[in-house]
Amino acid sequence: MDENTLKLKLIGCTLTSSSLYHFKSKVLEYRANKCHRPYIFGARYEVAFGYKGLQIQLYYSAGNLITLFKVKYSARVTENFDCVEPDDVEGKIREIIPAGFSCSTDDFISLLEKEANFKPFGTLLHTYNVHNVEAGEDFTYQIHKVDVSCPGFRDYHERLQTFLMWFVETASFIDVDDDRWDFFLVFEKYNNDGETLFATVGYMTVYNYYVYPDKTRPRVSQMLILPPFQGEGHGAQLLEAVHRFYCNLPKVQDITAEDPSENYVKLRDYVLVKLCQTLPSFSTDKLPLSFSDDMATEAREKLKINKKHARRVYEILRLRVTDMSVETKARDYRLEVKKRLFAPTKKNQRELTKMMKCLRPEELASHISQMDTALQQEELEKSYQEVLAEYRRVIERLAQA
């Protein structure tokens, strides 16, 4: 495929037999070592056995995600040894990618003509620009809200969700027939030879749980920005757009996330602080007065943020306005944060006091050892310093925005 033949953007890869997970990024390497879910080839380090010069080629067109899948190798183990079977590389990947992919480069190129007709699915929620330093210009992006009833989206989603298997640990496919799912997609809008085209950037799935008596609680289930677009701020744009969408729905109680990763928590901190900093209850003059019910209420009613997350936002904003070089101000802030961090331990101590009458001597000794005051203070200080570092990273990002 030379540049003259293929003018449309592609998302592609070449995998090698020696280290398959290198393509899938460090996230998958961590997943393989920690055994979070079954591996594609069943091996501990995702190494495909039994091939020489193995190449797994997987290409997606940027818009409609039309797929080309080819497996090449110079030799297989069965050609030299009897009774030894190589891994079924092609069969395992065919289980993941949906039917309809091309195995021929020529067929794939002929299908690319349809890319010019591809348009984003659903309703446009937000448009924004990102400056590209290398190109020296602004690129335009769009965020769309989609449901599965949208014509053509079901087939497109089947191709889209395969990226989860390549890039996200503990990933799994969802049941799109459940109408409680909402889908949010990010597209790049670009020009090629005078034609306006669209490239898939990433997406988010949200499940709407029922909350008695008449509310719903949207829970973020999956979120992925494709590697070519990572580090450009698309995740923050997507999460903020999703929050603003649900803020306009009176039946929404609050927004949560399912088993959030460390990176997602960092992203959420940034987005929620950005949203809350304009609320009257989070004004600079009120932050030193401690976390209040007004803050929790306003964050929930206006931005669908629950109390736990609102408290974290408050601590970040208070740190931003606190001169930590002044000992009294630094001490007041430290005590405020440590009070929250120590609350679970204090609760456990109260429960243990009630249980003492029922515990056997050896059980009592074990629990008492866990109540060592010096150890608790050491762990509390460690947790505080970790939280402080996380908060400062958010503040730095806000300053750069």
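Predicted model: local features only at pLDDT ≥ 70, side-chain atom pairs only at ≥ 80, totals over all residues.
Me: How many aromatic pairs turn up in the whole structure?
Reply: The search finds 19. One of them is Tyr60 with Phe163.

Me: What is the geometry of Tyr60 and Phe163?
Reply: Their ring centres are 4.3 Å apart. The planes meet at 35 degrees, so the pair is tilted.

Me: Where do the two residues sit in the chain?
Reply: Tyr60 is in strand β3, residues 55–61. Phe163 is in helix α5, residues 162–167.

Me: Buried or exposed, Tyr60 and Phe163?
Reply: Both are buried.

Me: What about Phe121 and Tyr156?
Reply: That pair is tilted as well. Centre to centre it spans 4.9 Å, with 45 degrees between the planes. Phe121 lies in the loop between α3 and β6, and Tyr156 lies in helix α4, so the pair ties together parts 35 residues apart in sequence.

Me: Why does Phe121 count as buried?
Reply: Because its relative accessibility is 9%, and the cut-off for buried is under 20%. Tyr156 is at 0%, so Tyr156 counts as buried too.

Me: Switching topic. Which charged ends sit over rings?
Reply: Arg219 sits over Tyr209, with its charged end 4.5 Å from the ring centre.

Me: How does the lining of the largest pocket divide by class?
Reply: Into 24 nonpolar, 12 polar and 11 charged residues.

Me: And the second largest pocket, how much space there?
Reply: About 240 Å³. Its lining includes Lys308, His309, Arg311, Arg312 and Arg340. By class there are five charged, three nonpolar and two polar residues. α9 supplies the largest share, four residues.

Me: Where does the second largest pocket lie relative to the domains?
Reply: Domain 2 (117–275) and domain 3 (276–400) both give lining residues, so the pocket lies between them.

Key:
Residues numbered from 1 in each chain as written. Heavy atoms only, no water. Phe/Tyr/Trp six-rings, centres within 6.5 Å; stacked < 30°, edge-to-face > 60°. Buried < 20%, exposed > 50% of the residue type's maximum accessible area, 1.4 Å probe, protein only. Lys NZ or Arg CZ within 6 Å of the ring centre and 35° of its normal. Nonpolar A, V, L, I, M, F, W, Y, C, P; charged D, E, K, R; others polar. 1 Å grid on protein atoms, 1.4 Å probe; cavity = no way out; pocket = protein on both sides within 12 Å on 5 of 7 lines; lining within 4 Å. Points joined across faces, edges and corners; volume = space filled by probe spheres on them. Domains from an automatic or database assignment.
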